[in-house]
Amino acid sequence: MNTDITALAKPEYPVVDRNPPFTKTVANFSTLDYLRLTTITGVSVTVGYLSGIRPNIRGPSMVTGGLIGLMGGFMYAYQNSAGRLMGFFPNDEEVARYKK
Amino acid sequence: MFNLFLAVFPEIFLINATFILLIHGVVFSTSKKDDYPPLVSNVGWLGLLSVLITMLLLAAGAPLLTIAHFFWNNFFRRDNLTYFCQILLLLSTAGTISMCFDFFEQERFDAFEFIVLILLSTCSMLFMISAYDLIAMYLAIELQSLCFYVIAASKRESEFSTEAGLKYLILGAFPSGILLFGCSMIYGSTGATHFDQLAKILTGYEITGARSSGIFMGILSIAVGFLFKITAVPFHMRAPDIYEGSPTPVTAFLSIAPKISLSANMSRVSIYGSYGATLQQIFFFCSIASMILGALAAMAQTKVKRLLAYSSIGHVGYICIGFSCGTIEGIQSLLIGIFIYALMTIDAFAIVLALRQTRVKYIADLGALAKTNPILAITFSITMLSYAGIPPLAGFCSKFYLFFAALGCGAYFLASVGVVTSVIGCYYYIRLVKRMFFDRPRTLILYEPMDRDKSLLLAITSSFITLFFLYPSPLFSVTHQMALSSYL
């Protein structure tokens, strides 16, 4: 099984790391990534709370919404961080930090 | 290793969210402490949120979707066609879920599993759109079908719903078997299931003897299986009964979502996997038959949902024109047709759901609509005229492009049948408009105002239908890219 990470589309920006490990990608989360994660989680918790009012399960619904939002927010942030390291998204900061 | 899965982040998220919602539903709907709360709206809103987050992951991560293409290429192809069809599918799912909330309240519908099954079938259709192997395609189709059998019968106290689910199960298992038989014949004759390998073997390669008949039977069986699933003539028999018997949101979902995913998959199989005259001839015949039957049978209908079912069969015929052409313009026109059809159908079913509040089932019950709710009557009229293909509405643009593609590849008979059936179809669409505006009502029905979610959905879709002609080029250029990528 071919596990080469090469993408069909060529990266538009300088490649910092072609196949960054999980820890490096998470360590590379920027302020915007954390903001995205927090926003998506916050919106999901709110939706969970509001939808839980009628059946009277506000707390558990908030937790479920929070879980979904946290997972989605983390995946979105990870996607952006990995994309910057792989050269698919604008990555001036990463280039400056890693290619000194 | 983890980065291998970046390409399928949207699917992974949606599956995990579905399981979280299933566990949430099971735990709290059976909770004595919380007095066994009805959870369908709660799970519905969280499900809608999950679909929107999936769309965000898909849209924002577009360049990353082609990562590890050798790893995924054994089963899935991530290209422009996959990307845009998945976005359209998720938009349709979000639209369908958002029109359900009022239905849950009005009908006292309390099965949260309904939303979980919708999400699970959406996951399967996301895989189906990108499937690049006969086995992956079959597994995705089966997962989608199994979910649909259950949601068609989800209204347990209704005999019609149970009948619809049972019909769907029996008449859906049969084409699945035929499809698998076709896949096995192709594999037995060629030794390949991957579309890349099949393209090399089947395109421009002369095969003689028993192997040739095996391949022919395989392609025929796969085509029959597909045509059953999209309810094209002559495999359409179950569609009106299932669409009428199922709960209305289920009918809306069945009318829209499988058409998108199956059309995307069929275009890969027919254009890339097994390009040739066999499939084109089958689609040619089924397109003509679907257009004619859809037009003629709908004229005799007295119920709104059955009329929309036959209208859907007719539209499948128009969409099959794109397959029959076998050209890039054909695929482009097919994609334009699917997109506009999805929006028109969401619009139509949102209106039907709004009318269901006052128990409107028959066309004759629409008599007072223009007097009691003129805005709804105008919106419904615009949708029906768009279905009929009256310019300058969006439906006219989709039909125009389909007939143009047919003429471009020399299928003059196909285009002329399409035009004639469109004219015949105008009769029953305009009959609805006449009923709403000019006929005296049989009984006076007071129409209740619709909820905010459906109003917003109707505003968006009817604005698109009305104003599409002003700026159609973004859709044309996007669908052109999608069609080109399916040929590469």
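This dialogue explains how to read several features of the predicted model shown above.

Guide: In this predicted model, local features need pLDDT of at least 70, side-chain atom pairs count only at pLDDT 80 or more, and totals for chains, interfaces and linings use all residues. Residues are numbered from 1 along each chain as its sequence is written, chains are lettered from A and ligands numbered from 1 in the order in which they are written, and side-chain values use heavy atoms, without hydrogens and water.

Visitor: How many residues has the largest nonpolar core?

Guide: A nonpolar core joins buried Ala, Val, Leu, Ile, Met, Phe, Trp, Tyr and Cys residues through side-chain atoms within 4.5 Å; buried means under 20% relative accessible area (1.4 Å probe, protein chains only). Here the largest such core has 174 residues, and Phe104(B) is among those with the most contacts inside it. Its largest share, 17 residues, comes from helix 15 (residues 328-356) of chain B. A second, separate core of 13 residues includes Ala405(B) and Val417(B).

Visitor: What span does helix 18 of chain B reach?

Guide: Helices are DSSP runs (H or I, at least four residues), and the expected span is 1.5 Å times one less than the number of residues. Helix 18 (residues 394-408) has 15 residues and reaches 21 Å from first C-alpha to last, close to the expected 21 Å. Buried residues in this helix include Leu402(B), Phe403(B) and Ala405(B). After the helix comes Gly410(B), with a positive phi near 90 degrees.

Visitor: Which residues of chain A does the annotation "transmembrane region" cover?

Guide: UniProt annotations may be inferred rather than shown by experiment. The unreviewed UniProt entry gives residues 34-53 and 59-78 of chain A. Residues 34-53 of chain A are 90% helix, and residues 59-78 of chain A are 100% helix.

Technical notes:
Buried < 20%, exposed > 50% of the residue type's maximum accessible area, 1.4 Å probe, protein only. Helix = DSSP H or I, 4+ residues; strand = E, 2+ residues; numbered from the N terminus.
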